[in-house]
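Dear colleague,

Please find below the structure that I am handing over to you. My notes on what was found in it follow directly after.

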Amino acid sequence: MASEKQRSLLLESASRFPIPPGVRFSYGTAGFRSDGLILGSTVFRAGVLAALRSIKTGQAIGLMITASHNPIFDNGVKIADPDGGMMTQKWEPFADALANAPDSQHLLDLVVQFAERENIPLSGTQSAEILLGRDTRPTGEPLLEAAKQGINSIIGAVAVDMGILTTPQLHWMVRSRNKGSKASEFDYYAQLSKSFRCLIDLIPENIVKNEGDPKVLVDGANGVGGEKLEELKKMLKGLDIEVRNSGKKGVLNDGVGADYVQKEKVAPLGFGSDDVGLRCASLDGDADRLVYFRVLSASNNIIDLIDGDKILSLFAVFIKEQLGILCRKENGDVLNSLPARLGIVQTAYANGASTDYLKQIGLEVVFTPTGVKYLHKKAAEYDIGIYFEANGHGTIIFSEEFLSLLDARCNELSVSSAGSEHHKAALRLLAISQLINQAVGDALSGLLLVEAVLSNMGWSTERWSQLYVDLPSRQLKVKVADRNAVVTANAETQVVKPPGLQKLIDAETAKYPRGRCFIRPSGTEDIIRVYAEASTQEAADHLAHSVMQLVDQFLGSTDSQ
Ligand SMILES: CC(=O)N[C@H]1[C@@H](OP(=O)(O)O)O[C@H](CO)[C@@H](O)[C@@H]1O
Ligand SMILES: [Mg+2]
């Protein structure tokens, strides 16, 4: 039961954040997103939601204000659950209802009903802790204030402002806090730099450091990632990083950043003819995505893109190799006393060549719908689950059981055969579990892991890029009257509604060698996305455009790009 004091506090606070007329908010692929100027009520209500979630779970919850790779004047808000992952999907309908409640009274009614249904005490006896973070957007500060007021409108809830952060830093803090580990920003840098150093110290003696790639150039998307990478750099030994687009000048995500580089397949601003052949990386606006690239020619900005699929493949190859060493007896026989189910999780946007490659080297590959909340959940079913979206968002997760087995094995080996290949493989796997952000995809920790793996394998960027050749692909956006008219199944590869459309897409796709094409409504933008793949760029472009026309016929497009 909500106390009278609680009711009047929520009513009074909510009335300071009226909902803008004529807008419908939806907790999409990555939380609520919109023009930052109209998000006050949504973020206030997300604060209320986070407080309820914290009371319900009895643990710290995260609230991050960001719109990632979207333009600077957009903003958004998402909630991190106690394990550092995305808020449980079960609460999304409630999040939607809260965000769209027409006034304070409706909001209060919803909160009271939901609290009763979920057994959330609103008597003020329960405590709740919400860690708040925001990126560098101009609307971040007022929205943070709205979030604080939302949290403070639930008696017993405490907002802890962690300052300007990357999204993955906040998720990491929530996870660490709830595990009882050190959880400050300094601790984050300390853990990353220590585990990175550990991997560098484990580079096999016969590996010669590649002379051609002395450093990595990083595009910070003019966002929070560049700034934080400068911080991390101060604590790192053994890696030369040059940060560009760190936000001192230039506009957030404008001609820069991982989303731009991956979708346009061109070099970001600030990179050019002097960088031909060098190893370059790009973060997105809140630093949860990472792609690598090489500038190919001094005369244009065309790049060799090394996307999330190839980062995944690099990690998979390395981890498989370390597991292989651990499972071998000294005489070469397979011991297999360390059961580790290694699983790879991709979405339909993964380049077909990457899936073929991963399967061909004997890995189990499974697919989920778009959005890390789906991939993460699937990856958690394995001892080691590696998931990545093609756009560079992904991570590696280790099960607790596997980590304790590995830890025990490592201790045994440090007594029986310290410094052996087996011992080093176990140490490398443990270091990876510390370096990679297991809460969520993290461009900074991903960057360090890529660098450490390349150094351990003695691979140049070019060698890495040649793991397989990407199939040419094309992505298009179509603006339609109602994107929700499209309903998909089978990890978004088949259109179920409107009826008849899938048959035509299939017929079109069949015309192209190695053709593959699917459409789905975006969860972050008001559009339908079309993805096509084929054996030549011309064919992929053609297939994408033909299917775009089909979408247009069925749904009435208003515009397209
Ligand atoms: C094709 C594509 O890149 N889609 C992105 C994009 O989602 P959409 O639902 O496609 O708008 O933003 C999501 C959040 O960042 C990310 O998880 C996803 O991969
Ligand atoms: Mg992002």
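What are the helix and strand percentages over residues 125-178, and how many Å apart are the end C-alpha atoms? In this predicted model, the chain over residues 125-178 is 46% helix and 28% strand, and the end C-alpha atoms are separated by 20 Å.

That stretch also carries an annotation. An unreviewed UniProt entry places the feature "domain: Alpha-D-phosphohexomutase alpha/beta/alpha" at residues 58-90 and 125-178. In the span 58-90, the content is 0% helix and 36% strand, with the end C-alpha atoms 17 Å apart.

Helix α2 (residues 40-57) packs with helix α5 (residues 140-152) at an angle of about 40°, and their axes are 7 Å apart. Because angles under 35 degrees count as roughly parallel and those from 65 to 115 as roughly perpendicular, this angle makes α2 oblique to α5. The crossing of the two helices, α2 and α5, is right-handed. On the α2 side, the contact is made by G40, V43, F44, R45, A46, G47, V48, A50 and A51; α5 contributes L143, A146, A147, K148, Q149, G150 and I151. By class, the contact of α2 with α5 has ten nonpolar, four polar and two charged residues.

Finally, two points concern the backbone. Most peptide bonds are trans, and most residues other than glycine have a negative phi. The peptide bond from K497 to P498, however, is cis, with omega near 0°. P498 lies in the loop between β17 (494-497) and α17 (501-509). N119, although not a glycine, has a positive phi of about 55°. The loop that holds N119 is the one between α4 (104-117) and β4 (128-134).

With kind regards

Technical notes. Residues are numbered from 1 along each chain as its sequence is written. Chains are lettered from A and ligands numbered from 1 in the order in which they are written. This is a predicted model: local features need pLDDT of at least 70, side-chain atom pairs count only at pLDDT 80 or more; totals for chains, interfaces and linings use all residues. Axes are lines fitted to C-alpha atoms, for helices over the stretch in contact, and angles run from 0 to 180 degrees between N-to-C directions. Helices (H or I, at least four residues) and strands (E, at least two) are DSSP runs, numbered from the N terminus. Angles under 35 degrees count as roughly parallel, over 145 as roughly antiparallel, 65 to 115 as roughly perpendicular and the rest as oblique. A crossing is left-handed if the near helix is turned anticlockwise from the far one by less than a right angle, and right-handed if clockwise. Two residues are in contact if their C-beta atoms, placed from the backbone, lie within 7 Å. Ala, Val, Leu, Ile, Met, Phe, Trp, Tyr, Cys and Pro count as nonpolar, Asp, Glu, Lys and Arg as charged, and the others, Gly among them, as polar. UniProt positions are given in the numbering used here, feature names are shortened, and annotations may be inferred rather than shown by experiment.
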